[in-house]
Amino acid sequence: MLTRLVIGRALSALATALIPTTLTLVVLMGSGDAADLGIVLACELVPMLVLLPFGGVVADRFPPERVVLFADLTRCAAQAAIGVELLLGVERIADLAVLAAVTGAAAAFGTPAVPRLVAATVEGAARLRANARIGLATSLSAVGAPAIAGALVLGVGPGWASLFTAVLFAASAFTLGGVRTARAAAPTGVHSLLSGWREIRQRPWFLVSVMGHGVWHFCAGLFLTLGPLLTVRNGEAMWVIIVQCGTVGMLAGVFAAPRLPIRRPLAGCAVGASLYAAPLAALAVPLNGWAVAVAYAVAMFGLGLLVPLWETVVADRIPVEALGRVRSFDSLISFATRPLGLAVAAPLAGWAGTAPPLWIAAVAVAAASLSVLGVREVRTPAAPPLAAPRR
């Protein structure tokens, strides 16, 4: 069952990561209009953000494997429609925008269902190992997706690239949809949304942690926008080296997470997230490209630790019947803040220069991430199954 979860999540993550690059290349090769590109990408993001809370309600109300099946099949249909249109020579921005919106709406329902699916399938000490393997598979998928999408679009055409994405979603749907879990009934409608918020309010560690995640996602947007601009002085290949060092660091962190004797996983998450201050400070100094690469590798190692630890501790401490609603709030904050950081980075740098925003971001990441250490539950050691390293 664990193998099925890992393969299904890797397929879904790869398909999801292919979409932005494919859509970007489709629009640039077509109209070439930046406004058209912004509309199409926004049409995927906005419905996802609006519908995420309702997606959490659905994930808690229905078996998560059915929700994932429906979400992935819907995204499969949308990507197949884009592929058929492109193969037929039809390339209307309005069509792309509508189908991108359908894709984003489906993602809003599928995203909160996945943590519930994992929590309902894997228990005890195996959960951290499961989340580490899933994190490793999804990280590799996300890293390779832009190159795969570019190769497909330029090699065989954007229509076939979209159809390939549709096939991946279909494979993910039938892989994850084949998992069987027990149904957990939950209240519906507004009462369900309110009860989900009550679950969050009762757990200060979760609320403070998620706010910290939002800060580092926003600051990551700053880094990923200003980083290429500031490191190009060391050669155009320097940014590629920095990104690859970050990839290696993240994979190392995900690999290490179930093997380290971490007794306080929430504190580990906080420290891991705070390490993102390192590359921000390295850019602000500014240090040379190799120093930035090392700092970014350290930061991504911290995030590699954070992902499986966070997935596991949330599943352990949140009742399974509320997990979808609670995690939808987490996803909403993360998905909303990074695009905001990407959008404001250049205007901020133009107004104040590059160093002040980067220094403020570095301090903000460290402070917001480590502030959770003041919450009592964060200082409580985990139960032995989570804390024990893998032998």
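Contact here means heavy atoms within 4.5 Å. This is a predicted model, so local features need pLDDT of at least 70 and side-chain atom pairs count only at pLDDT 80 or more, while totals for chains, interfaces and linings use all residues. Residues are numbered from 1 along each chain as its sequence is written, and side-chain values use heavy atoms, with hydrogens and water left out.

**Nonpolar cores**
- Leaving aside neighbours within four places in sequence, Phe223 touches Pro228, Trp239, Ile242, Tyr276, Pro279, Leu280, Leu283, Val292 and Tyr296.
- A nonpolar core is a set of buried Ala, Val, Leu, Ile, Met, Phe, Trp, Tyr and Cys residues joined through side-chain atoms within 4.5 Å; buried means under 20% relative accessible area, exposed over 50%, and partly exposed in between (1.4 Å probe, protein chains only).
- The largest such core has 62 residues, and Trp205, Phe206, Phe223, Tyr276, Leu280 and Trp310 touch the most other members.
- Elements giving two or more residues to this core are α8 (204–231), α9 (237–256), α10 (265–274), α11 (277–284), α12 (289–317), α13 (323–352) and α14 (355–370); helices are DSSP runs (H or I, at least four residues), numbered from the N terminus.
- Helix α12 supplies the largest share, 14 residues.
- Another core, of 21 residues, lies apart from it, with Val26, Ala78, Ala166 and Leu168 among its members.

**Helix α9**
- The 20 residues of α9 should span 28 Å at 1.5 Å a residue, and the end C-alpha atoms are 29 Å apart, which agrees; the expected span is 1.5 Å times one less than the number of residues.
- Its buried residues include Met238, Trp239, Ile242, Gly246 and Met250.
- Among the elements covering the buried residues of α9 are α5, α8 and α12.

**Salt bridges**
- There are eight salt bridges (a side-chain nitrogen of Lys or Arg within 4 Å of a carboxyl oxygen of Asp or Glu).
- Arg325 pairs with Asp60, with the closest N and O atoms 2.6 Å apart; this ties helix α13 to helix α2 (residues 34–61), across 265 residues.
- Arg325 and Asp60 are both buried.
- Asp316 pairs with Arg127 at 2.7 Å between the closest N and O atoms, linking α12 to α5 across 189 residues.
- Asp316 is partly exposed, with a relative accessible area of 40%, whereas Arg127 counts as buried at 8% relative accessibility.
- Arg203 bridges to Glu199, the closest N and O atoms being 2.6 Å apart, and both residues are buried.
- Shared partners join Asp60, Arg116 and Arg325 into one salt-bridge network.
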